[in-house]
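Here is a short report on one protein model. It is written for someone meeting the structure for the first time.

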Amino acid sequence: MAIISIAWLAMHPHDPGFRLTSLSVTNFALSDSQVRGKYEVGLTITNPNKIKAQVVLHRAHTLRLYGEEWHSMAAVQQQQQTVFMEKFTNKSVKVDMEVRDSRQKVVPDVLFKNWTKGVVNFNMVVLGVKVRFQSGIWPSMDKLFDVQCMNLDVEFLSPTKDTGKLLGIGKNCHTVNARGTA
(Lines give C-alpha, C1' and ligand atoms only; values in the text may rest on other atoms or scores of the structure.)
Protein backbone atom coordinates (compact mmCIF):
# COMPACT_ATOMS: atom_id res chain seq x y z
CA MET A 1 0.00 0.00 0.00
CA ALA A 2 2.84 2.38 0.82
CA ILE A 3 4.41 1.90 -2.62
CA ILE A 4 1.08 2.52 -4.38
CA SER A 5 0.49 5.66 -2.29
CA ILE A 6 3.98 6.96 -3.11
CA ALA A 7 3.46 6.21 -6.81
CA TRP A 8 0.20 8.21 -6.88
CA LEU A 9 1.90 11.06 -5.00
CA ALA A 10 4.65 11.09 -7.64
CA MET A 11 2.14 11.06 -10.53
CA HIS A 12 0.07 13.76 -8.77
CA PRO A 13 -2.98 13.76 -11.05
CA HIS A 14 -4.81 17.09 -11.31
CA ASP A 15 -8.58 17.47 -11.32
CA PRO A 16 -10.11 17.69 -14.78
CA GLY A 17 -11.06 21.19 -15.91
CA PHE A 18 -14.70 22.05 -16.57
CA ARG A 19 -15.99 24.87 -18.76
CA LEU A 20 -19.66 25.65 -19.26
CA THR A 21 -19.98 26.41 -22.98
CA SER A 22 -23.75 26.74 -23.29
CA LEU A 23 -26.89 26.89 -21.20
CA SER A 24 -30.37 26.97 -22.65
CA VAL A 25 -33.63 26.96 -20.75
CA THR A 26 -37.06 25.92 -22.01
CA ASN A 27 -40.49 25.70 -20.37
CA PHE A 28 -39.31 28.16 -17.70
CA ALA A 29 -42.11 29.20 -15.37
CA LEU A 30 -42.37 30.97 -12.03
CA SER A 31 -45.13 30.86 -9.48
CA ASP A 32 -45.24 32.05 -5.89
CA SER A 33 -43.95 28.69 -4.67
CA GLN A 34 -42.17 26.98 -7.57
CA VAL A 35 -39.65 27.41 -10.35
CA ARG A 36 -39.96 24.95 -13.24
CA GLY A 37 -38.01 24.38 -16.41
CA LYS A 38 -35.84 22.17 -18.59
CA TYR A 39 -32.16 22.95 -18.94
CA GLU A 40 -29.57 21.88 -21.51
CA VAL A 41 -26.01 22.46 -20.36
CA GLY A 42 -22.95 22.17 -22.59
CA LEU A 43 -19.74 21.30 -20.76
CA THR A 44 -16.20 20.87 -22.03
CA ILE A 45 -14.12 18.61 -19.79
CA THR A 46 -10.32 18.78 -20.01
CA ASN A 47 -7.92 16.10 -18.78
CA PRO A 48 -4.63 17.92 -18.00
CA ASN A 49 -2.82 14.71 -17.00
CA LYS A 50 -0.42 12.26 -18.58
CA ILE A 51 -2.74 9.47 -17.45
CA LYS A 52 -6.25 8.37 -18.46
CA ALA A 53 -9.28 9.58 -16.56
CA GLN A 54 -12.89 8.44 -16.39
CA VAL A 55 -15.41 11.13 -15.36
CA VAL A 56 -18.85 10.09 -14.09
CA LEU A 57 -21.58 12.75 -14.00
CA HIS A 58 -24.25 11.49 -11.62
CA ARG A 59 -27.91 12.36 -11.88
CA ALA A 60 -28.16 14.92 -9.04
CA HIS A 61 -27.54 18.60 -9.71
CA THR A 62 -28.48 21.85 -8.07
CA LEU A 63 -29.50 25.02 -9.85
CA ARG A 64 -29.48 28.20 -7.85
CA LEU A 65 -31.15 31.43 -8.79
CA TYR A 66 -29.84 34.48 -7.06
CA GLY A 67 -31.67 37.29 -5.44
CA GLU A 68 -31.47 38.77 -2.01
CA GLU A 69 -31.66 35.15 -0.90
CA TRP A 70 -30.58 32.05 -2.76
CA HIS A 71 -33.38 30.02 -4.24
CA SER A 72 -32.17 26.44 -4.76
CA MET A 73 -33.85 23.85 -6.93
CA ALA A 74 -33.10 20.18 -7.30
CA ALA A 75 -32.48 19.26 -10.92
CA VAL A 76 -32.36 15.71 -12.22
CA GLN A 77 -30.30 14.61 -15.19
CA GLN A 78 -32.10 12.18 -17.48
CA GLN A 79 -29.33 9.60 -17.13
CA GLN A 80 -25.90 9.20 -15.60
CA GLN A 81 -23.06 9.94 -18.04
CA THR A 82 -19.59 8.45 -18.11
CA VAL A 83 -16.87 10.21 -20.10
CA PHE A 84 -13.63 8.33 -20.91
CA MET A 85 -10.66 10.64 -21.42
CA GLU A 86 -7.24 9.89 -22.84
CA LYS A 87 -4.14 11.83 -21.82
CA PHE A 88 -4.27 15.60 -22.42
CA THR A 89 -7.68 15.59 -24.15
CA ASN A 90 -10.88 17.65 -24.19
CA LYS A 91 -14.39 16.21 -24.49
CA SER A 92 -17.67 18.04 -24.95
CA VAL A 93 -20.83 16.70 -23.31
CA LYS A 94 -24.44 17.81 -23.15
CA VAL A 95 -26.31 17.45 -19.88
CA ASP A 96 -30.12 17.61 -19.99
CA MET A 97 -31.77 18.41 -16.68
CA GLU A 98 -35.28 18.98 -15.49
CA VAL A 99 -36.32 20.68 -12.28
CA ARG A 100 -38.44 18.32 -10.26
CA ASP A 101 -38.54 20.22 -7.01
CA SER A 102 -41.90 19.56 -5.43
CA ARG A 103 -41.09 21.24 -2.11
CA GLN A 104 -43.07 24.40 -1.55
CA LYS A 105 -40.90 27.50 -1.18
CA VAL A 106 -41.39 31.20 -1.39
CA VAL A 107 -39.94 32.46 -4.66
CA PRO A 108 -38.19 35.80 -3.93
CA ASP A 109 -39.76 38.91 -5.47
CA VAL A 110 -36.41 39.93 -6.94
CA LEU A 111 -36.48 36.78 -9.08
CA PHE A 112 -39.82 37.83 -10.58
CA LYS A 113 -38.39 41.33 -11.21
CA ASN A 114 -35.25 40.00 -12.91
CA TRP A 115 -37.27 37.59 -15.05
CA THR A 116 -39.57 40.43 -16.09
CA LYS A 117 -36.50 42.50 -17.06
CA GLY A 118 -35.29 39.56 -19.16
CA VAL A 119 -32.11 38.36 -17.38
CA VAL A 120 -31.87 35.83 -14.55
CA ASN A 121 -28.60 34.82 -12.87
CA PHE A 122 -28.03 31.09 -12.29
CA ASN A 123 -25.39 29.10 -10.46
CA MET A 124 -25.10 25.44 -11.37
CA VAL A 125 -23.54 22.85 -9.08
CA VAL A 126 -22.98 19.30 -10.30
CA LEU A 127 -22.84 17.20 -7.14
CA GLY A 128 -20.70 14.12 -6.61
CA VAL A 129 -18.68 13.98 -9.84
CA LYS A 130 -16.47 10.92 -9.64
CA VAL A 131 -13.12 10.82 -11.41
CA ARG A 132 -11.16 7.60 -11.72
CA PHE A 133 -7.51 7.99 -12.69
CA GLN A 134 -5.83 5.03 -14.40
CA SER A 135 -2.15 4.54 -15.13
CA GLY A 136 -0.71 1.32 -16.51
CA ILE A 137 -0.50 -1.52 -14.03
CA TRP A 138 -1.20 0.61 -10.96
CA PRO A 139 -4.56 0.26 -9.19
CA SER A 140 -6.89 3.11 -10.11
CA MET A 141 -7.42 6.12 -7.84
CA ASP A 142 -10.87 7.67 -7.34
CA LYS A 143 -11.69 11.24 -6.39
CA LEU A 144 -15.13 12.70 -5.61
CA PHE A 145 -15.90 16.41 -6.01
CA ASP A 146 -18.53 18.99 -6.93
CA VAL A 147 -18.32 21.22 -10.01
CA GLN A 148 -19.49 24.80 -9.50
CA CYS A 149 -20.33 27.09 -12.42
CA MET A 150 -21.17 30.52 -11.04
CA ASN A 151 -22.76 33.77 -12.24
CA LEU A 152 -24.42 32.49 -15.39
CA ASP A 153 -26.61 35.23 -16.84
CA VAL A 154 -29.46 33.79 -18.89
CA GLU A 155 -31.44 36.09 -21.16
CA PHE A 156 -35.16 35.48 -21.68
CA LEU A 157 -36.31 37.32 -24.82
CA SER A 158 -39.31 35.41 -26.12
CA PRO A 159 -42.67 37.15 -25.67
CA THR A 160 -43.70 34.56 -23.06
CA LYS A 161 -40.22 34.61 -21.43
CA ASP A 162 -40.23 30.81 -21.13
CA THR A 163 -37.07 30.28 -23.23
CA GLY A 164 -33.62 31.60 -22.41
CA LYS A 165 -29.97 31.34 -23.47
CA LEU A 166 -26.66 32.01 -21.75
CA LEU A 167 -25.30 35.50 -22.36
CA GLY A 168 -21.67 35.52 -23.45
CA ILE A 169 -19.35 32.75 -24.51
CA GLY A 170 -19.32 30.53 -21.44
CA LYS A 171 -17.57 30.37 -18.10
CA ASN A 172 -14.86 28.34 -16.44
CA CYS A 173 -16.13 26.26 -13.55
CA HIS A 174 -14.21 25.26 -10.45
CA THR A 175 -14.09 22.05 -8.50
CA VAL A 176 -14.49 21.55 -4.76
CA ASN A 177 -13.75 18.27 -3.03
CA ALA A 178 -16.99 16.58 -1.99
CA ARG A 179 -15.82 17.02 1.60
CA GLY A 180 -16.01 20.80 1.07
CA THR A 181 -12.36 21.78 0.44
CA ALA A 182 -11.07 23.42 -2.72
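## Ground rules

This is a predicted model, so local features need pLDDT of at least 70, side-chain atom pairs count only at pLDDT 80 or more, and totals for chains, interfaces and linings use all residues. Residues are numbered from 1 along each chain as its sequence is written, and side-chain values use heavy atoms, with hydrogens and water left out.

## The whole chain

The protein chain has 2 helices and 12 strands. Helices (H or I, at least four residues) and strands (E, at least two) are DSSP runs, numbered from the N terminus. In order from the N terminus, the elements read α-β-β-β-β-β-β-β-α-β-β-β-β-β.

Of the 182 residues in the protein chain, 42% are buried. Buried means under 20% relative accessible area, exposed means over 50%, and partly exposed lies in between (1.4 Å probe, protein chains only). The chain exposes about 10,000 Å², and carbon and sulfur atoms supply 54% of that area. Accessible areas come from the Shrake-Rupley method with a 1.4 Å probe; for residues, only the protein chains shown count as cover.

How far apart in sequence are the residues that contacts join? Among contacts between residues at least 6 apart in sequence, 70% join residues at least 24 apart. A contact means heavy atoms within 4.5 Å.

## The disulfide

A disulfide is a covalent bond between the sulfur atoms of two cysteines. Here the rule is a pair of cysteine sulfur atoms within 2.5 Å. The count comes to 1 disulfide. C149 and C173 form it, with their sulfur atoms 2.1 Å apart. C149 lies in strand β9 and C173 in the loop between β11 (171-172) and β12 (174-177), so the bond ties together parts that are 24 residues apart in sequence. The torsion about the S-S bond is about 100°, so the disulfide is right-handed.

Both C149 and C173 are buried. For C149, the relative accessible area is 0%. Strand β9 itself covers residues 141-156. Beyond its neighbours within four places in sequence, C149 is in contact with L20, N123, M124 and C173.

## The aromatic cluster

A pair of aromatic rings is described by the distance of the centres and the angle of the planes. Rings of Phe, Tyr and Trp (its six-membered ring) pair if their centres lie within 6.5 Å; planes under 30 degrees apart count as stacked, over 60 as edge-to-face and the rest as tilted.

The whole structure holds 5 aromatic pairs.

| Pair | Centre to centre | Angle between planes | Type |
|---|---|---|---|
| F28 and W115 | 5.8 Å | 70° | edge-to-face |
| F28 and F122 | 6.2 Å | 70° | edge-to-face |

Each pair links distant parts of the chain. F28 in strand β1 (residues 17-30) and W115 in helix α2 (residues 109-117) are 87 residues apart. F28 and F122, the latter in strand β8 (residues 119-134), are 94 residues apart.

F122 is buried at 1%. Ring pairs join F28, Y39, W115, F122 and F156 into a cluster.

## Helix α2

W115 brings us to its helix. The buried residues of α2 are L111, N114 and W115. They cover an arc of only 100° around the axis, which puts them on the same side of α2. The arc is that of the directions from the helix axis to the C-beta atoms. An α-helix has 3.6 residues a turn, so residues three or four places apart point the same way.

What does the other face carry? The face turned away from the buried side of α2 holds the exposed residues D109, K113, T116 and K117. G118 follows α2, with a positive phi near 110°.

## A loop residue

W138 is placed in the loop between β8 and β9. W138 counts as partly exposed, at 33% relative accessibility. Leaving out residues up to four places away in sequence, W138 touches I3, I4, A7 and M11. The C-alpha atoms of W138 and A7 are 8.4 Å apart, although the two are 131 residues apart along the chain.
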